[in-house]
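Please find below some notes on this model, written for a colleague who will want to check each point against the coordinates. They go from the chain as a whole to helix packing and then to individual backbone features.

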Amino acid sequence: MKFTVVTILPELVEPAFAAGVVGRAREAGSITVTSINPRDFTTDKHRSVDDTPYGGGPGMVMRPGPLLAAIDAATGEGGAHRILLSPGGKPLVQARVKELAKLPHLVLVCGRYEGIDQRAIDRAIDEEISIGDYVLSGGELGALVIIDAVARYVPGVLGDAASADDESFSAGLLEYPQYTRPQELDGVAVPPILQSGNHAAIAAWRRTEAMQRTAARRPDLWAKFAPTKADRALLGKAGVRPLHARTHLALVHHPIVDRNGAVITSAVTNFDIHDLARSAQTYGLARYHVVTPIASQRDKSEYVARLYAESNAPNADSRAHALALVRTAASIEDVLAEILAEYGEPPLVVATSAKPGAFPAAERRTPLELAVEAGSGSAPMLILLGTGWGLAESLIPSVSRVLTPIDGPTSWNHLSVRSAGAIVLDRLFGRST
């Protein structure tokens, strides 16, 4: 495979291939890496490749003439896939790395200064790639990242071809923990399963560890990962409950406040029972609790849920499963006691509110921050949704976390509680596919 780097600083590129896996692959001829300098295509005595930007502003912009000539020379008659390293490009991910490895020739264009003339991009760039949401002095380090990542998939580069398929991100998961000698270090031994010689058991352990590590450390990756039936069985055998499976949702009808801030009790509606139960089922939650101190309202909720659970009507199965998640409670404290009895430990109690300053004593979390924090442990989680004008904050001392409000591009922030609940669950547990 061939890599050609278009750069005004080839001295930054060449030393990277003096050693290491990619350097040895270059020496062996498995890959070729060359560089082309746009300064070699200038016509003035100063070999200038930049000029001031039209419209004013700080810094300089790379001129299109020398750059286009360099890209054309790098591409050659055989053609190539031309990539600009740019913070405005799509983030580099492992799946794209594997796709790029199938191409015979990559031309990696390294910008400098404030950027390059847009006309050069429009004419001679096939794809823009970013290696992260930060700014570097130029694209050379990004080009080296791409070369290193892509070259690992070229036959002959790695000693063990399977290594590239058994690393972090290759299967959408972080890699499992690795161990080597000594067998014990400061009183910590290598897990016995890795010393058992049972290759099937070792593979199962590694797969389980990879899934657990990904769910805890990178919920954004976990949201894109689709566990197979075998994966779910492994997690079950390991006694691991994913965060969604130990999350409880509670729709609170008391204590809540009205528009004037007075503490009230709201009435339960059929929509309250049905819609959030269906959301809870969609996102795999453990339970959905309807909280009201009024016994007749709890009886109504239980009757509606039981009616669907016992129904034999066509297409009733999916809703029956959802309604089977419904539980009723006279208070939030009763829900906490029920969860404590089931799990043996109290839940992390998370409040929701449309008000930016709600629950000032609780720690604020975005959905992603909450997923990372709660996902790294084993405790259950209880998410509270308030009806009326929101939860009566002073009457719910168990709240220790509060989610940031749901905000759109307008100043309107008055979603129904059922819509807000669905959005919260999707941001916590929805798959980004």
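The numbered points below concern a predicted model.

1. Overall dimensions. The protein chain has a radius of gyration of 29 Å, whereas a compact globule of 433 residues would have one near 22 Å. Taken along the principal axes, the C-alpha atoms fill a box of roughly 90 × 65 × 50 Å, and 43% of the 433 residues count as buried.

2. Secondary structure and contact order. The protein chain comes to 14 helices and 18 strands. Among its contacts between residues at least 6 apart in sequence, 78% join residues at least 24 apart.

3. Helix α6. This helix covers residues 199–217, and its 19 residues reach 27 Å from the first C-alpha to the last, close to the 27 Å expected at 1.5 Å a residue. Its buried residues are Ile 202, Trp 205, Thr 208, Ala 210, Met 211, Thr 214, Ala 215 and Ala 216, and these pack against α7 (219–224), α8 (229–237) and α13 (367–375).

4. The crossing of α6 and α8. The axes of these two helices come within 10 Å and cross at roughly 90 degrees; since angles of 65 to 115 degrees count as roughly perpendicular, α6 and α8 are therefore described as roughly perpendicular to each other. On the α6 side Ala 204, Arg 207, Thr 208, Met 211 and Gln 212 take part, and they meet Asp 231, Leu 234 and Leu 235 in α8. By class, this contact of α6 with α8 has four nonpolar, two polar and two charged residues.

5. The pairing of α9 and α14. Helix α9 (residues 270–282) packs with helix α14 (residues 417–429) at an angle of about 10 degrees, and their axes are 10 Å apart, which makes α9 roughly parallel to α14. The contact is made by Phe 271, Asp 272, Asp 275, Leu 276, Ser 279 and Ala 280 from α9, together with Arg 418, Gly 421, Ala 422 and Leu 425 from α14. By class, the contact of α9 with α14 has five nonpolar, two polar and three charged residues.

6. Further detail on α9. With 13 residues, α9 reaches 18 Å from its first C-alpha to its last, close to the 18 Å expected at 1.5 Å a residue. The buried residues of α9 are Asp 272, Ile 273, His 274, Leu 276, Ala 277, Ser 279 and Ala 280, and the helix is followed by Gly 284, whose phi is positive, near 70 degrees.

7. The surroundings of Tyr 113. This residue lies in the loop between β6 (105–110) and α4 (118–124), and it is partly exposed, with a relative accessible area of 36%. Tyr 113 and Gly 59 are 54 residues apart in sequence, yet 6.5 Å apart in space, C-alpha to C-alpha. Not counting residues up to four places away in sequence, Tyr 113 touches Ile 8, Arg 39, Val 49, Asp 50, Met 60, Met 62 and Ser 137.

8. Cis peptide bonds. One joins Arg 181 and Pro 182, with omega about 10 degrees, and Pro 182 lies in the loop between α5 (140–151) and β8 (184–185). Another joins His 254 and Pro 255, with omega about 5 degrees, and Pro 255 lies in the loop between β10 (247–252) and β11 (256–257).

9. Arg 47 has a positive phi of about 55 degrees although it is not a glycine; it is found in the loop between β2 (32–36) and β3 (50–51) and, at 35% relative accessibility, counts as partly exposed. Asp 186, also not a glycine, has a positive phi of about 50 degrees; its place is in the loop between β8 and β9 (188–189), where Asp 186 is exposed, with a relative accessible area of 76%.

How values were computed: Residues numbered from 1 in each chain as written. Predicted model: local features only at pLDDT ≥ 70, side-chain atom pairs only at ≥ 80, totals over all residues. Heavy atoms only, no water. Axes fitted to C-alpha atoms, helices over the stretch in contact; angles between N-to-C directions. Helix = DSSP H or I, 4+ residues; strand = E, 2+ residues; numbered from the N terminus. Parallel < 35°, antiparallel > 145°, perpendicular 65-115°, else oblique. Contact = heavy atoms within 4.5 Å. Nonpolar A, V, L, I, M, F, W, Y, C, P; charged D, E, K, R; others polar. Expected span 1.5 Å × (residues − 1). Buried < 20%, exposed > 50% of the residue type's maximum accessible area, 1.4 Å probe, protein only. Rg over C-alpha atoms; globule rule 2.2 N^0.38 Å.
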